[in-house]
Amino acid sequence: MEDQNHYSATSCNTLRSNFPTNVLAKVKENLAFRSSKWSELNGAMGDLGTYIPIVMALTLAKDLNLGVTLLFTGIYNIITGAIYGVPMPVQPMKSIAAVAISDGPEFGIPEVMAAGICTSAVLFLLGITGLMGLVYKLIPLPVVRGIQLSQGLSFAFTAVKYIRNVQQLSKGKSAGNRPWFGLDGLVLALVCACFIVIVSGAGEDKEEDEVGGELPGESRPPAPRRRFWRALVSLPSAMIVFLLGVVLAIIRRPRVLKEIGLGPSGIHVVKMSRHAWKQGFIKGTVPQLPLSVLNSVIAVCKMSSDLFPGKDFSATSVSVSVGLMNLVGCWFGAMPCCHGAGGLAGQYKFGGRSGGCVAILGAAKLVLGLALGTSLVKVLAQFPVGLLGVLLLFAGIELAMASRDMDSKEESFVMLVCTSVSLVGSSAALGFVCGIVAYVLLCLRKVTKDPSQIRAWMHATP
């Protein structure tokens with residue numbers, strides 16, 4: 001008996017002593033690049049087409065503390081990269097941002113932060129109770145694909161609007177057609193879009209097959225041509241477009257370099273009145289919550305397993321992650337954030353394959369937040385919006401393409417019902433309900449017609 005107790009105590013002590021080492025080894029593995037460093041750096045730019053316009057609009061319209069937002073979202077990026085080992089994005093909560101921009105002075109920063117805290121509290125509770133995991137298991141795959149398709153198309157439509165029209169981001173409105181020429185002209189955006197298509201193609205996983213592969217009966221391309229294409233497809237297209245935008249922003253207003261102040265922004269606790277909590281919950285949390293559950297948790301988990309086989313994250317983990325981020329940052333004025341399938345698709349599209357991809361992005365946000373703070377918005381305000389539209393366009397298309405795996409007409413029908421209602425009704429929740437109804441009706445029809453087929457149909461659930 002004493003030997004058994006001694007063995008148990010020795011085992012426990014060994015586990016305790018090895019725990020820090022195991023954790024550090026896992027973090028190192030998650031942050032290690034899985035592709036070339038240029039591909040990972042390029043992937044880090046993949047969700048900036050969503051992040052920059054929303055954060056910039058709230059900074060200009062509502063005096064959002066950009067410095068604090070950069071600091072907290074940078075920390076979120078590094079931690080999620082270390083935990084998940086994939087380019088898990090950190091993006092603003094879009095419904096809350098849309099309400100803040102369109103609702104005037106009645107929905108200010110206190111209301112935005114209250115909405116973020118309430119939304120995250122619900123997600124955190126759904127996560128720790130296991131209810132989110134149950135929801136993930138019960139939602140049929142065609143409905144998940146419908147949500148992804150609608151969100152991807154919504155991003156693409158917004159991107160085209162950014163490219164075609166001059167934008168007043170602080171008001172959430174367009175201001176006429178974009179001129180053809182200029183430092184933020186239509187020609188510039190189209191050239192950059194063509195450049196990304198030539199470099200990245202349609203987002204194939206194995207570019208080597210295209211540049212150096214050989215089909216039966218075909219001759220191998222000459223060596224100089226192969227070297228040219230290898231060099232071309234290795235270019236960090238998204239990073240080049242983004243850096244071009246930074247250069248053009250400075251050229252558009254050279255004196256902006258003198259207007260930038262050095263040093264971080266002040267951090268203080270946001271005071272939220274009872275009225276702010278009420279308005280934040282009714283106007284912000286209620287429309288944001290369905291989108292967060294469906295796109296920030298359910299769709300992210302499904303897309304992670306699709307893009308990274310073996311990386312099957314639980315809905316519980318992702319839900320708790322979103323909850324913890326905002327239950328800390330929103331009290332200090334950081335923009336409410338979540339994970340998003342669109343950001344994950346965008347970062348994957350441009351080459352992100354590891355947690356190191358988003359960790360680099362997080363480190364860059366930390367440096368900018370500490371060095372420049374809110375004054376960085378002076379540069380971002382001059383950034384060519386058309387180029388942000390180009391980055392957002394490819395992220396939206398990559399997300400929408402996840403729906404191409406529907407195997408039957410019935411699955412496609414459910415997916416398109418969900419997508420159509422979500423887009424036309426501007427409500428992911430309404431599209432979700434209609435998709436579920438269509439799925440249940442088709443199941444009942446199958447049972448009535450041929451009960452033996454119901455098992456095959458139920459395999460559509462994730």
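Over which residues does pLDDT stay under 50? That stretch is residues 205-216, for which the model has 14 contacts (heavy atoms within 4.5 Å) beyond four places in sequence.

## Confidence

This is a predicted model, where local features need pLDDT of at least 70, side-chain atom pairs count only at pLDDT 80 or more, and totals for chains, interfaces and linings use all residues. Residues are numbered from 1 along each chain as its sequence is written, and side-chain values use heavy atoms, with hydrogens and water left out.

pLDDT, the predictor's confidence in each residue on a scale from 0 to 100, has a mean of 84 for the protein, and 88% of the residues reach 70 or more. Helix α6 (residues 109-128) does best with a mean of 95, while helix α10 (residues 207-212) sits lowest at 44. Helices here are DSSP runs of H or I, at least four residues long, and strands are E runs of at least two, numbered from the N terminus.

## Nonpolar cores

A nonpolar core is a set of buried (under 20% relative accessible area, 1.4 Å probe, protein chains only) Ala, Val, Leu, Ile, Met, Phe, Trp, Tyr and Cys residues joined through side-chain atoms within 4.5 Å. The largest one has 115 residues, and L58, M113 and M303 touch the most other members. Helix α14 (residues 274-307) supplies its largest share, 12 residues.

Leaving out residues up to four places away in sequence, L58 touches D63, L64, A97, A100, I101 and M335. Apart from this core lies another of five residues, including L141, L149, A400 and M406.

## Annotated spans

An unreviewed UniProt entry lists several stretches as "transmembrane region", among them residues 228-251 and 357-377; such annotations may be inferred rather than shown by experiment. Residues 228-251 are 88% helix and 0% strand, with end C-alpha atoms 32 Å apart. For residues 357-377, the end C-alpha atoms lie 24 Å apart, and the span is 76% helix and 0% strand.

Definitions and conventions: Buried means under 20% relative accessible area, exposed over 50%, partly exposed in between (1.4 Å probe, protein chains only).
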